[in-house]
Amino acid sequence: MLRDSRAFSGFSSNDVAKAKAFYAEKLGLEVTEDHGMLTLHLAGGGKVIVYPKPNHEPATFTVLNFPVKDIEGTIDGLAKARIQFERYEGMDQDSRGISRGGGPLIAWFKDPAGNILSIIQDS
């Protein structure tokens, strides 16, 4: 029934203006705004909606993953944009925040609303 539906995902933010600046300026995504909501335009035609929620609580899981060819180079670029990478207890992460403990290389960071995002090595 939904095979041909152009599905999209979404998550909330407590400050749409800060979210717009973060996703557009720091991450370099194309961001549009309509009816007080943001649309993040992703490579390959994907879209994600960021909607306002006054009683927003940050997600406790990764809401958006960005596959990258060069995780270390991407970390360098994001660090220049003043993005800080998260450290999680029990995770085998190096000094840059990259998890190297079995599975793809991955590092996590947060948006201004505290939602968890990742960059993940796409080999």
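The dialogue below goes from the whole chain to single residues.

Q: What kind of model is this?
A: It is a predicted model. Keep that in mind throughout.

Q: Where do I start? How many helices and strands are in the protein chain?
A: Start with the inventory. The protein chain has two helices and seven strands.

Q: In what order do the elements run from the N terminus?
A: Read along the chain, one element at a time. The order is β-α-β-β-β-β-α-β-β.

Q: Why can I call the chain as compact as a globular protein of its length?
A: Compare its radius of gyration with a rule for globules. The radius of gyration of the protein chain is 15 Å. The globule rule gives 14 Å for 123 residues. The two values are close, so the chain is as compact as a globular protein of that length.

Q: What box do the C-alpha atoms fill?
A: Take the box along the principal axes. It is roughly 40 × 35 × 25 Å.

Q: How do I read the inside and the surface? What share of the residues is buried?
A: Look at both sides of the question. Of the 123 residues, 35% count as buried. The protein chain exposes about 7,900 Å². Carbon and sulfur atoms supply 50% of that area.

Q: What share of the contacts joins residues 24 or more positions apart?
A: Count contacts with a separation of 6 or more. Residues 24 or more positions apart account for 52% of them in the protein chain.

Q: And the charges? How far apart are the mean positions of the positive and negative charges?
A: Average each set, then compare the two points. The protein chain has 14 positive and 16 negative charges. Their mean positions are 2 Å apart.

Q: Now the strands. Do strand 5 and strand 7 run parallel or antiparallel?
A: Check the direction of each strand, then look for the bridges. Strand 5, residues 62-68, and strand 7, residues 116-121, run parallel. Six bridges join them. For a place to look, find Thr-62: it stands opposite Ile-116 in strand 7.

Q: In which sense do strand 6 and strand 7 pair?
A: Strand 6, residues 106-110, pairs with strand 7 in the antiparallel sense. There are five bridges between them. Ile-106 stands opposite Ile-120. Ala-107 has Ile-119 as its bridge partner.

Q: Why is strand 6 described as largely enclosed?
A: Go through its residues and ask which are buried. Four of the five residues of strand 6 are buried, so the rest of the structure largely encloses this strand.

Q: Let me try a loop residue. Is Ala-113 buried or exposed?
A: First place the residue, then check its accessible area. Ala-113 is in the loop between strand 6 and strand 7. Its relative accessible area is 7%, so Ala-113 is buried, as the cut-off is under 20%.

Q: Which residues does Ala-113 touch?
A: Skip residues up to four places away in sequence. Ala-113 then touches Ser-13, Asn-14, His-56 and Pro-58. Sequence distance is another thing to check here. Ala-113 and Asp-15 are 98 residues apart in sequence, yet their C-alpha atoms are 7.0 Å apart.

Q: Where is Thr-39, and what does Thr-39 touch?
A: Thr-39 is in strand 3, residues 37-41. Thr-39 is buried, with a relative accessible area of 17%. Beyond four places in sequence, its contacts are Glu-30, Val-31, Thr-32, Lys-47, Val-48 and Ile-49.

Q: How about Leu-2? Is Leu-2 buried or exposed?
A: Leu-2 is in the segment before strand 1. Its relative accessible area is 68%, so Leu-2 is exposed. The C-alpha atoms of Leu-2 and Arg-82 are separated by 40 Å. Those two residues are 80 apart along the chain.

Q: What is phi of Arg-82?
A: Arg-82 has a positive phi of about 70°, although it is not a glycine. Arg-82 lies in the loop between helix 2 and strand 6. It is exposed, with a relative accessible area of 71%.

Q: And what is phi of His-35?
A: It is near 55°, a positive value in a residue other than glycine. His-35 is in the loop between strand 2 and strand 3. At 72% relative accessibility, His-35 counts as exposed.

Terms used:
Residues are numbered from 1 along each chain as its sequence is written. This is a predicted model: local features need pLDDT of at least 70, side-chain atom pairs count only at pLDDT 80 or more; totals for chains, interfaces and linings use all residues. Side-chain values use heavy atoms; hydrogens and water are left out. The radius of gyration is taken over C-alpha atoms; the globule rule is 2.2 Å times the number of residues to the power 0.38. Buried means under 20% relative accessible area, exposed over 50%, partly exposed in between (1.4 Å probe, protein chains only). Contact means heavy atoms within 4.5 Å. Accessible areas come from the Shrake-Rupley method with a 1.4 Å probe; for residues, only the protein chains shown count as cover. Lys and Arg count as positive and Asp and Glu as negative; His and the chain ends are not counted. The place of a charge is taken as NZ of Lys, CZ of Arg, CG of Asp or CD of Glu. Two strands pair if DSSP finds at least two bridges between them.
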